[in-house]
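I opened my notebook to look up a few spots in a fold. Here are my entries, in the order I made them.

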Amino acid sequence: MAEPRLVDTVTLRHFGVVDRMDILEARLVGYDHPSWTDAVRSELLRHEAEDGCQRVLESSFLGSPKDDFSAVELAEVFRIRRALSLDDSDSQLHLGEAECIWSADRLNGTFITDDAEAFAFAERKFGDNRVLDSIDLLRESVAAAEITAYEAKQVADAIRNSGRHLRTGHPPTITLDYFVW
């Protein structure tokens, strides 16, 4: 088994809203548990009626969320959350990303997010080999011959057309060759 991959709410919702949890499942199978954390699950539950959250919550491949944080570990998670937040007005803001980043750090795992601030923070902390976004997962799927570049482009376009946003740094118009490494 390989190190775990931890996926935040934003990316889970991307694949849920376009009803392509199968792509995400293929990219997580073969990696150690956990794929998500309790704060991520809680956020999905708070928004259950929106943007494909129900599809995510019904996805059995995610397993049980990581929720066994000690008090000391939670203090570290909240330090990360504060570093990701512009203010302290909402203690839940960025909590899922913070739990995933902390867990990926401790488990030598990979963090998957389309949240620009969380991606940049994790990239500074881990380097670029342990942080991925939806486009990276689509590229991996194409490289593994699980989907075609055309399908990957359709998924990326569908995410954007649903009103959701891919991580900044990708071109406004994504072509087929963008998914081929």
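I call a residue buried under 20% relative accessible area, exposed over 50%, and partly exposed in between (1.4 Å probe, protein chains only). The model is predicted, so I note the limits: local features need pLDDT of at least 70, side-chain atom pairs count only at pLDDT 80 or more, and totals for chains, interfaces and linings use all residues. Residues are numbered from 1 along each chain as its sequence is written, and side-chain values use heavy atoms, with hydrogens and water left out.

Entry: aromatic pairs. I pair rings of Phe, Tyr and Trp (its six-membered ring) if their centres lie within 6.5 Å; planes under 30 degrees apart are stacked, over 60 edge-to-face, the rest tilted. I count 2 aromatic pairs. F69 and W102 have ring centres 5.6 Å apart and planes at 65°, so they are edge-to-face. They sit 33 residues apart in the chain. F69 has 13% relative accessibility, so it is buried. W102 has 5%, so W102 is buried too. Y178 and F179 have centres 6.1 Å apart and planes at 85°, so this pair is edge-to-face. F179 is buried at 1% relative accessibility.

Entry: V40. Is V40 buried or exposed? I find 0% relative accessibility, so V40 is buried. Contact means heavy atoms within 4.5 Å. Leaving aside neighbours within four places in sequence, V40 is in contact with V7, D8, T9, L12, G96 and C100.

Note on methods
Helices (H or I, at least four residues) and strands (E, at least two) are DSSP runs, numbered from the N terminus.
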